Amino acid sequence: MFETLKSLAEGLGDRRIEDLFADADRADAFSLEALGMRFDYAKTQIDDDIRAALLDLAESRGVAARRDAMVAGQKINETEGRAVLHTALRNLDARPVLVEGRDVMPGVLDTLARMEALANEIRGSDVTDVVNIGIGGSDLGPVMATLALAPYHDGPRCHFVSNVDGADIADTLRRCDPARTVFIVASKTFTTIETMTNAGTAKRWLAEKGVDAAGKFIALSSDVARAGAFGIPPERCFGFADWVGGRYSVWGPIGLALMLAIGPEGFTAFLRGAEAMDRHFVEAPLAVNMPVLLALVGVWHNQVLGHATRAVLPYDNRLSRLPAYLQQLEMESNGKGVGMDGAALPYDSGPIVWGEPGTNGQHAFYQLIHQGTRVVPCEFLVAAQGHEPDLRHHHALLVANCLAQSKALMRGRSLDEARAKVAGQFEGDELERQARHRVFPGNRPSTTLIYPLLDPETLGKIVALYEHRVFVEGVILGINPYDQWGVELGKELATALGPLVRGESGAAEKDGSTAALLKFVHTHKAT
Ligand code: F6P
């Protein structure tokens, strides 16, 4: 299905992205403005023919029909027989959304109202600290969004404990007053070993400090019965249906820590932003549909050109956890070796996503991005304004650096330019040698998403944009983005290895490497 695109890629020869700007309209023709944001993909090799072929691909793969099926509540998560309706969680208009003939909206709005009542109660109390205990989608969404919206915090301090490494909870509890701390146990299944272990430790900590655990725990879970068995009554339990995947769950109860930090109004603005992106995704023709274009740029770079990774580079320090959030969103969704029908994929699965905020990354891995032998398509994000009125000079420098990087990646520096740079310092062979170290190949693609200010509504738009991008990529690749069987095997083996690590089982480990590592643990264990 990629033949046309592959032959267009082969036809590129040594064409330079920079030369495409001979067309004075290129910047606008290969950018899209929607919902107050601008997505610029002009600094890529995509031209009219390539874009047309990418759009044909989206059409032929039935993106629009699949999208409509998703928002209509059809069971598009075919391997698990589930609908996929995170969009219902931000459907503030309350338009009916039917699953098996029943409108899910009354339940969604009732849970939201209960969350708001609890958030108001806690924000009006003497609670100083809230600890969200969760992992994966029950951590990354709320922690990413809470950090992103720091200027809007006016509630209790929010901490996030995810790792089963006891260091995580120990370091967090040290900063909390047991009498004025509330714990949120965020787990869709209420079985995840990391979360249950940390929740048990939190309970014991309260007991050791002589504080009654009653009223100190809140559960965010689909499993009210398990939460009850842990000691959390139904009125402190906020459920969500199986049509909300873990990595798509920040919009509902899993977003409670964010709601506590920024207040119900701020949280509603976050939902409103996502709702606006949903509407755009559903209504805009594919050619001017931001999630679709973002996905098509991804497919062009990853499956057509074969660039295995994608760097997400927010020039917005408060988006420091966005790359980690997107790693789960993209890699847990589209990191699959088989298509919906179970047959092996005839092309690469979704890309390896990584990144760090700018400008920090510039002093770390940008060396490789500019001069390494592999091309890393980069996705820049930047706000036109910062939140610090006294620090406008910082923001100007930040934006200048962001724009400079995409420009440097595109332009590069030729050998002649490099020679001219060192001409006064070196001569002859040494000049030639030194110049070669200063050559930048350039012609490296990037996109830029620019928005006015990182406020709750804008964050909602950005996160929903990426969610729909992952969906579109999944449809094009024929992958089911909504299951995650690839996390199971490691969990099973960890359960089996637990007794061996603790020295409770006499069973011998058969794999020689693992046996030797276990022996090392036993030789060096704390006495
Ligand atoms: O291990 C994968 C996963 O199932 C994620 O998809 C999910 O976000 C995470 O674990 C946490 O699951 P739970 O919310 O059930 O604790």
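Mentor: Let us begin with the surface. The model is predicted, and the accessible surface of the chain comes to about 23,400 Å², of which 53% belongs to carbon and sulfur atoms. The share of buried residues is 50% of the 527 residues.

Trainee: How many helices and strands are there in the chain, and what does the C-alpha trace span along its principal axes?

Mentor: The chain holds 19 helices and 13 strands. Its C-alpha trace spans about 75 × 60 × 55 Å along the principal axes. A compact globule of 527 residues would have a radius of gyration near 24 Å, and the chain agrees with this because its own value is 25 Å.

Trainee: What share of the contacts between residues at least 6 apart in sequence join residues at least 24 apart?

Mentor: That share is 75% in this chain.

Trainee: How many positive and negative side chains are there, and how far apart do the centres of the two sets lie?

Mentor: There are 53 positive and 67 negative side chains, and the two centres lie 4 Å apart.

Trainee: Let us turn to cysteines. How many disulfides does the count come to?

Mentor: A disulfide requires two cysteine sulfur atoms within 2.5 Å. By this rule the count is zero. For Cys-158, the closest cysteine sulfur belongs to Cys-176 and is 10 Å away, so the distance is too far for a bond. Seen from Cys-176, the closest cysteine sulfur is that of Cys-158, again at 10 Å and too far for a bond. Cys-176 counts as buried because its relative accessibility is 9%, under the 20% cut-off.

Trainee: Is His-468 buried or exposed, and which residues does it touch?

Mentor: His-468 counts as buried, since its relative accessibility is 1%. This residue lies in helix α17, residues 456-477. Not counting residues up to four places away in sequence, His-468 touches Met-70, Thr-87, Arg-90, Met-277, Asp-278, Phe-281 and Pro-291.

Trainee: Where is Ala-94 found, and what is its phi?

Mentor: Ala-94 is found in the loop between α4 (63-71) and β3 (98-99). Its phi is near 60°, a positive value in a residue other than glycine. With a relative accessible area of 29%, Ala-94 is partly exposed. Asn-443 also has a positive phi, of about 60°, although it is not a glycine. This residue is placed in the loop between α16 (428-437) and β13 (446-451), and its relative accessible area of 22% makes Asn-443 partly exposed.

Trainee: Which residues is Ser-162 in contact with, leaving aside its neighbours within four places in sequence?

Mentor: Ser-162 is in contact with Gly-134, Ile-135, Asp-139, Asp-168, Glu-194 and Asn-198. Ser-162 belongs to the loop between β6 (157-161) and α7 (166-173). The residue is buried, because its relative accessible area is 18%. The C-alpha atoms of Ser-162 and Arg-66 are separated by 34 Å, and the two residues are 96 residues apart along the chain.

Note on methods. Residues are numbered from 1 along each chain as its sequence is written. This is a predicted model: local features need pLDDT of at least 70, side-chain atom pairs count only at pLDDT 80 or more; totals for chains, interfaces and linings use all residues. Side-chain values use heavy atoms; hydrogens and water are left out. Helices (H or I, at least four residues) and strands (E, at least two) are DSSP runs, numbered from the N terminus. The radius of gyration is taken over C-alpha atoms; the globule rule is 2.2 Å times the number of residues to the power 0.38. Buried means under 20% relative accessible area, exposed over 50%, partly exposed in between (1.4 Å probe, protein chains only). Contact means heavy atoms within 4.5 Å. Accessible areas come from the Shrake-Rupley method with a 1.4 Å probe; for residues, only the protein chains shown count as cover. Lys and Arg count as positive and Asp and Glu as negative; His and the chain ends are not counted. The place of a charge is taken as NZ of Lys, CZ of Arg, CG of Asp or CD of Glu.
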